Amino acid sequence: MLEVSNIDVYRGETQVLWDISLEVAAGERVAILGSNGAGKSSLMGAIAGILPPAGGKINFKGETISGRKAYEVTRFGIALVPEGRRVYKEMSVRENLEMGGYVSRKQRRIDQGMEQVFALFPVLRDRRHQAGGTLSGGEQQMLAIGRALMSRPELLLIDELSLGLAPRITKEIYQAISGLELETTVLLVEQNVEMALSHSQRAYIMESGRITRSGRSETLMADDDIRRAYLGL
Ligand SMILES: Nc1ncnc2c1ncn2[C@@H]1O[C@H](COP(=O)(O)OP(=O)(O)OP(=O)(O)O)[C@@H](O)[C@H]1O
Ligand SMILES: [Mg+2]
């Protein structure tokens with residue numbers, strides 16, 4: 001479904017990604033792991049059309065999306081939940097969700113999308129008139145995911161799902177996302193390596209702007225080097 005082939009990405013003058021290739025098949029859940037500054041967010045930005053690659057190519061369902069603008073990439077069926085969530089703090093929960101549904105001009109589609117988000121995260125229904133900025137961290141993450149889902153993506157990119165969240169909330173959000181798996185493909189950046197590996201089928205490990213390892217999540221979870229480096233075992 002998604003094929004990233006040999007991309008190089010710069011931030012200003014500085015190269016931050018080197019020759020990155022990865023694949024995600026429809027229906028898969030794939031994790032990207034790596035320490036701070038490894039380039040995980042830059043990779044998400046490149047896929048989402050925010051940081052155009054200087055070299056290489058990104059294809060989605062057989063069409064080239066690298067070089068397209070972020071709003072065009074959204075229309076192809078890719079949505080990004082950005083690092084730090086970035087919900088609109090002054091807007092209500094409802095309005096935040098409507099912003100995510102802008103690709104559809106039909107009010108009925110927007111209402112249906114909103115119902116699906118409320119079914120996934122019932123607390124958002126209770127808070128629908130409340131300003132985004134007054135929600136807890138976990139609720140803001142649910143809102144950010146809900147907003148991304150409003151465009152009905154086939155591929156959902158989530159950058160740092162669990163950052164700053166209590167384990168119980170993290171688990172709740174992972175469970176909700178597991179329920180999506182049949183319709184939505186998920187590419188997930190996580191710093192909680194154990195959580196990421198137990199909720200994905202495959203993973204890629206990044207170091208200093210390159211992919212250094214990849215494989216089945218179970219295999220990586222059992223790997224001594226990875227356990228030492230990322231799980232502190
Ligand atoms: N706006 C920017 N301008 C210039 N360099 C940047 C910018 N944002 C990030 N970088 C650099 O790009 C490299 C990759 O950063 P990136 O944010 O992609 O890493 P990351 O793996 O997401 O890190 P983290 O785990 O801290 O979120 C780092 O060396 C970082 O310093
Ligand atoms: Mg990041």
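A nonpolar core is a set of buried Ala, Val, Leu, Ile, Met, Phe, Trp, Tyr and Cys residues joined through C-beta atoms within 7 Å. A residue counts as buried if 20 or more other C-beta atoms, placed from the backbone, lie within 10 Å of its own; with 12 or fewer it is exposed, and in between it is partly exposed. The model is predicted: local features need pLDDT of at least 70 and side-chain atom pairs count only at pLDDT 80 or more, while totals for chains, interfaces and linings use all residues. Residues are numbered from 1 along each chain as its sequence is written, and chains are lettered from A and ligands numbered from 1 in the order in which they are written.

**The largest nonpolar core**
- This core holds 65 residues, of which Ile 32, Ile 47, Leu 157, Ile 158, Leu 188 and Ala 203 touch the most other members.
- Helix α6 (residues 137-149) supplies the largest share of this core, 6 residues; helices (H or I, at least four residues) and strands (E, at least two) are DSSP runs, numbered from the N terminus.
- Beyond its neighbours within four places in sequence, Leu 157 is in contact (C-beta atoms, placed from the backbone, within 7 Å) with residues including Met 44, Ile 47 and Ala 48.

**Helix α1**
- Helix α1 (residues 40-48) is largely enclosed by the rest of the structure, because 9 of its 9 residues are buried.
- Among these buried residues are Lys 40, Met 44 and Ile 47.
- Just after α1, Gly 49 takes a positive phi of about 85 degrees.

**Ile 211**
- Ile 211 belongs to strand β10 (residues 210-216).
- Ile 211 is buried, because 21 other C-beta atoms lie within 10 Å.
- Although Leu 17 and Ile 211 are 194 residues apart in sequence, their C-alpha atoms are 9.1 Å apart in space.

Notes. Contact = placed C-beta atoms within 7 Å.
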